[in-house]
Amino acid sequence: MQIDQYGFEATSEYFHRRKLQPYRVAEAGSVTYLCFDDGENRPVHRITKNDTETVIEWAYGAWADRATLNYVPINETLEV
């Protein structure tokens, strides 16, 4: 199943058409993590800032594993 960065399936009317508000936010140094629901596995966004740029990526997995998930650019979809 293919999902977008908020977890909407490719067959959903909301696929790449809806933006959700964060449910949880965690910070670790220059990295900020966000998630949008309380599911066991969920989309997790990672925002990494340094002196010259900000990189926004996302992954799908457990919130507890957020630091070790495999992230892709924010506009890419994932197969889960």
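N70 touches W58 and A59, leaving aside residues up to four places away in sequence; contact here means heavy atoms within 4.5 Å. N70 sits in the loop between strand 5 (54–61) and strand 6 (72–73). Helices (H or I, at least four residues) and strands (E, at least two) are DSSP runs, numbered from the N terminus. This is a predicted model, in which local features need pLDDT of at least 70 and side-chain atom pairs count only at pLDDT 80 or more, while totals for chains, interfaces and linings use all residues. Residues are numbered from 1 along each chain as its sequence is written, and side-chain values use heavy atoms, with hydrogens and water left out.

**N70 and its surroundings**

- N70 counts as exposed because its relative accessibility is 70%; buried means under 20% relative accessible area, exposed over 50%, and partly exposed in between (1.4 Å probe, protein chains only).
- A59 in turn touches R42, P43, V44, L69, N70, Y71 and L78, not counting residues up to four places away in sequence.

- Five strands make up an open sheet in the order 2-3-4-5-6, with antiparallel pairing; two strands pair if DSSP finds at least two bridges between them.
- Strand 2 and strand 6 are at the edges with a single partner strand each, so one side of each has no neighbour in the sheet.
- Strand 2 (24–28) and strand 3 (residues 31–35) pair in the antiparallel sense over five bridges.
- R24 has C35 in strand 3 as its bridge partner.
- The hairpin of strand 2 and strand 3 has two residues between the strands, and G29 in this hairpin takes a positive phi near 65°.
- Strand 3 and strand 4 run antiparallel and are joined by five bridges, with V31 opposite T48 in strand 4.
- Six residues link strand 3 to strand 4 in a hairpin.
- Strand 4 (residues 42–49) pairs with strand 5 in the antiparallel sense over eight bridges.
- I47 has I56 in strand 5 as its bridge partner.
- The hairpin of strand 4 and strand 5 has four residues between the strands.
- Strand 5 and strand 6 run antiparallel and are joined by two bridges, and W58 stands opposite V72 in strand 6.

**The nonpolar core**

- Nine residues form the largest nonpolar core: A26, V31, Y33, C35, V44, A59, W63, L69 and Y71. Such a core is a set of buried Ala, Val, Leu, Ile, Met, Phe, Trp, Tyr and Cys residues joined through side-chain atoms within 4.5 Å.
- Strand 3 supplies the largest share of this core, three residues.
- Strand 3 is largely enclosed by the rest of the structure, because four of its five residues are buried.

**Charged side chains**

- One salt bridge is found in a search of the whole structure; the term means a side-chain nitrogen of Lys or Arg within 4 Å of a carboxyl oxygen of Asp or Glu.
- E57 forms a salt bridge with R46, and the closest N and O atoms are 2.7 Å apart.
- E57 lies in strand 5 and R46 in strand 4, so the pair ties together parts that are 11 residues apart in sequence.
- R46 also stands opposite E57 in strand 5, and both E57 and R46 are buried.
- D4 is buried but has no salt bridge, and R17, the nearest side chain of opposite charge, is 9.2 Å away.

**The loop between strand 1 and strand 2**

- D4 is located in the loop between strand 1 (2–3) and strand 2.
- A polar atom of the D4 side chain lies 3.0 Å from the backbone nitrogen of F8.
- D4 touches Y14, F15, H16, W58 and T77, not counting residues up to four places away in sequence.
- H16 is in the loop between strand 1 and strand 2 as well.
- H16 is partly exposed, with a relative accessible area of 40%.
- Although H16 is not a glycine, its phi is positive, at about 55°. Most residues other than glycine have a negative phi.

Technical notes:
Lys, Arg positive; Asp, Glu negative; His and termini not counted. Polar contact = N/O pair within 3.5 Å; in protein donor to acceptor, adjacent residues only side chain to side chain.
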